[in-house]
Amino acid sequence: MKVLGFVKNWMLPIAMAAGVAAYYIYVNIPALDGTHEWVNRAISYVQPALLFCMLFVSFCRMSIRELKPRAWMLELLAIQVVSFVAMGLLIVFMPDVAGRVVIESAMICMICPTATAAAVVTTRLHGNANVVVSYTCLINMAVSLAVPAMVPFLHESAHAAMGFEVSFLLILAKVFPLLILPLVVAWFVRHLFPKFHAFILRQTNLAFNLWAVSLALAIGVSVKALVHSEEGAWTMVGIAVASLICCLAQFVLGRLIGRRHGEPVAGTQSLGQKNTVFAIWMGYTFLDPVTALAGGFYSLWHNLVNSWQLWRERKKVE
């Protein structure tokens, strides 16, 4: 029982360590060298499926009528969109600015939408998960508009030059299956399959456990991106520092804004906890591919913050 209690209390650090260990063990087994491509493809399907299930479970506990936007969310949106546009304009007017890759990395960290797991963490921290889900919907729509509008001015790559409409639909296609579809499925289950819905509600730790597995996979993917990067040490250090500053700044600003409106936990998680898988994809797709490392580093930082938050919450109860 003590072992189970320890695992439950330290699930996130254990999941992070498991992700790192699993990657290094896997790549150092010669007999598995021929499976790398298959495993990468499998992860590309398993990870979205886990996120879908996790968000579906969370939505089953919510009423759609409670998912209404709050006026103060505009302050959170302003922080993300204005900072993204401001750094983008800096690059537009100073294309040869020193540390351009680091600036683009910071842009990704600031505009990246809220993680689907943020509602799970918010619940664990006794915050209002409905607020987080509402903001997650808003920021994803804002990202779908802001990124296609800005990236053509930054790069002339095939993806960046594809046009606003195509870029918008590309991002929407990435967002819809993991955000809107779980909400729709949860609504149907609630009204058409009440017994199954009741069964889901009885699984109090299901969403959190799914998140732990998803986190282990995300950390493994992040480690792979870092290991295979051909960038110099100073560039990687710059991206790591930029992502850390963006992470801490957004957690702090989110808490300050949320506290003023009676939702300190929801404000903190809405702005600070990011969909880092989306950040990595956005870096590869729209900006300098090396900026995808920012998503990997941010994944490390925000999960360390989450681990500390959950530890502090347990101390309050004890």
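A crossing of two helices is right-handed if the near helix is turned clockwise from the far one by less than a right angle, and left-handed if anticlockwise. The views below show a predicted model, in which local features need pLDDT of at least 70 and side-chain atom pairs count only at pLDDT 80 or more, while totals for chains, interfaces and linings use all residues. Residues are numbered from 1 along each chain as its sequence is written, and side-chain values use heavy atoms, with hydrogens and water left out.

**Figure 1. The protein chain contains 14 helices and zero strands.**
Helices (H or I, at least four residues) and strands (E, at least two) are DSSP runs, numbered from the N terminus. Read from the N terminus on, the elements follow the order α-α-α-α-α-α-α-α-α-α-α-α-α-α. The protein chain has 318 residues, of which 49% count as buried (under 20% relative accessible area; exposed is over 50%, partly exposed in between; 1.4 Å probe, protein chains only). Where residues at least 6 apart in sequence are in contact, 82% of these contacts join residues at least 24 apart; contact means heavy atoms within 4.5 Å.

**Figure 2. Helices H1 and H12 mark the two ends of the confidence range among the elements.**
The predictor's confidence in each residue is given as pLDDT, from 0 to 100. The protein chain has a mean pLDDT of 82, and 88% of its residues reach 70 or more. Helix H1 (residues 2–9) has the lowest mean of the elements, 64, whereas helix H12 (residues 264–272) has the highest, 94. Where pLDDT is low, the predicted coordinates should not be read in detail.

**Figure 3. Helix H4 packs against helix H11.**
Two packed helices are described by the angle between their axes and the distance between the axes. Axes are lines fitted to C-alpha atoms, for helices over the stretch in contact, and angles run from 0 to 180 degrees between N-to-C directions. The axes of H4 (residues 73–93) and H11 (residues 233–260) come within 10 Å and cross at roughly 160 degrees. H4 is therefore roughly antiparallel to H11 (angles over 145 degrees count as roughly antiparallel, under 35 as roughly parallel, 65 to 115 as roughly perpendicular and the rest as oblique). The crossing of H4 with H11 is right-handed. H4 contributes Glu75, Leu76, Ile79 and Gln80 to the contact, and H11 contributes Gln250, Leu253, Gly254, Ile257 and Arg260. By class, these residues are four nonpolar, three polar and two charged. Ala, Val, Leu, Ile, Met, Phe, Trp, Tyr, Cys and Pro count as nonpolar, Asp, Glu, Lys and Arg as charged, and the others, Gly among them, as polar.

**Figure 4. Helix H3 meets helix H9.**
H3 (residues 36–60) and H9 (residues 194–202) have axes that come within 9 Å and cross at roughly 100 degrees. For this reason H3 is roughly perpendicular to H9. Phe56, Val57 and Cys60 of H3 meet Phe196, His197, Ile200 and Leu201 of H9. The contact comprises six nonpolar residues, one polar residue and no charged residue.

**Figure 5. Helix H12 is largely enclosed by the rest of the structure because eight of its nine residues are buried.**
The buried residues of H12 are Val265, Ala266, Gly267, Thr268, Gln269, Ser270, Leu271 and Gly272. The axes of H7 and H12 come within 9 Å and cross at roughly 30 degrees. The two helices, H7 and H12, are therefore roughly parallel to each other, and H7 passes H12 in a right-handed crossing. Val131, Val132 and Tyr135 of H7 meet Ala266, Ser270 and Leu271 of H12. This contact has five nonpolar residues, one polar residue and no charged residue.

**Figure 6. Met150 belongs to helix H7 (residues 129–154).**
Met150 counts as buried because its relative accessibility is 7%. Leaving aside residues up to four places away in sequence, Met150 touches Phe84, Val85, Gly88, Leu89 and Met107. Met150 and Phe84 are 66 residues apart along the chain, and their C-alpha atoms are separated by 8.8 Å.

**Figure 7. Phe208 lies in helix H10 (residues 206–227).**
With a relative accessible area of 5%, Phe208 is buried. Ala119 is 89 residues from Phe208 in sequence, and the two are 10.0 Å apart in space, C-alpha to C-alpha.

**Figure 8. Glu313 lies in helix H14 (residues 292–317).**
Glu313 counts as buried, since its relative accessibility is 15%. Glu313 touches Arg124, Leu125 and His126, not counting residues up to four places away in sequence.
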